[in-house]
Amino acid sequence: MIRSAIRIGQSLKSETENYYQVHRNLGIGGNAISYLVVCTSGACRGLSFVAKILYNLSSAKRIERFNREANFLKTTAHPSIVRHHDSGEYHLESNNTTYPFIITNYMPDTLEKCIREDSIDFREKILFSCTLLNALIFLRDRNIIHRDIKPSNIFIDNHNAILGDFGLMKELSSDDPSQIEDDIKCLNDSITHGEDGYVAMPHFYRTPELVNFANRKDTLHIESDVFQLGLVLAEMFTGENPLVPGDIKSQVTLNKIGFIKDAGKHGGLVFNSIRAMLSLDYSKRPHPNDILDHFLQIYEDVTRQ
């Protein structure tokens, strides 16, 4: 098994023939495991990165999803989306199996950690909201839905919040029936597969559209990401996620949105923006552009104080 075969200090050779020495384990999901690595050759020698290795090769569809994520990151240059740096394959002699990996930029802090430590002031929260909304606009313009927006998949780089982990991304123009069934299976697997990296999504960040899709009641809708980001922003601004926990097939029920901390006169606009994002009817949710207008208005006012 790749999880026990990768050792601290060993090196991964990429397709660009650069070497990345494994420094420590960063985390594991149901399909991939991430390591902090240090580049030991080439122009980036001495720089730290993240190596994400696909270890779950149980189906061609899982490998296809991983390759789709890698190709998307390769061709994407957006400041609020994690950056692809390199790719490669790791061959494990003991089982004669080859595992693909991607190398991305390393950011040690996640939004989850910042929320837990209560270390973000109000202005930073507004800035983080703006950068994430901009990422959503970028994805929406390309008809791509992320489906796994949660604080642990958002990385902090100074005043920017960077969206990562595109393992569940989907281009909505695709109507391949086999892909639809695979997508539904992937979501439903999170109900019973306790190690699955997506398990936190249905439990705390599921949306009405993802639930309907998992229950085969409706197709996916791009507005699902707006709802999911609304849950994240509610948690960031209030300290509490309003979603009642459940699995991916459970009806979405919301508690009241909590008090917006340290917002002063801007609390009402933040509250109303989040409430609109969390409309159970996807057709009533505002476009990310409109929400971004509201948060930029707040930011401009805050900086004048």
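Predicted model: local features only at pLDDT ≥ 70, side-chain atom pairs only at ≥ 80, totals over all residues.
The residues that line the largest cavity are Leu 136, Leu 139, Arg 140, Ile 144, Ile 222, Asp 225, Val 226 and Pro 288, and by class they comprise six nonpolar and two charged residues, with no polar residue present. The volume of this cavity is about 50 Å³, and the structure holds two cavities of 30 Å³ or more.

Glu 209 is located in helix 7, which spans residues 208-214, and has a relative accessible area of 4%, so that this residue is classed as buried, the cut-off for that class being under 20%. Leaving aside residues up to four places away in sequence, Glu 209 touches His 221, Ser 224, Leu 280, Tyr 282 and Arg 285; with Arg 285, one of these, the side chain of Glu 209 forms a polar contact of 2.8 Å. Val 252, which is 43 residues from Glu 209 in sequence, lies 9.4 Å from Glu 209 in space, C-alpha to C-alpha.

As regards confidence, the chain has an average pLDDT of 90, and 90% of the residues score at least 70. Over residues 191-198, by contrast, pLDDT stays under 50, and for this segment the model has 22 contacts beyond four places in sequence.

Key
Residues numbered from 1 in each chain as written. Heavy atoms only, no water. pLDDT = per-residue confidence, 0-100. Contact = heavy atoms within 4.5 Å. Helix = DSSP H or I, 4+ residues; strand = E, 2+ residues; numbered from the N terminus. Buried < 20%, exposed > 50% of the residue type's maximum accessible area, 1.4 Å probe, protein only. Polar contact = N/O pair within 3.5 Å; in protein donor to acceptor, adjacent residues only side chain to side chain. 1 Å grid on protein atoms, 1.4 Å probe; cavity = no way out; pocket = protein on both sides within 12 Å on 5 of 7 lines; lining within 4 Å. Points joined across faces, edges and corners; volume = space filled by probe spheres on them. Nonpolar A, V, L, I, M, F, W, Y, C, P; charged D, E, K, R; others polar.
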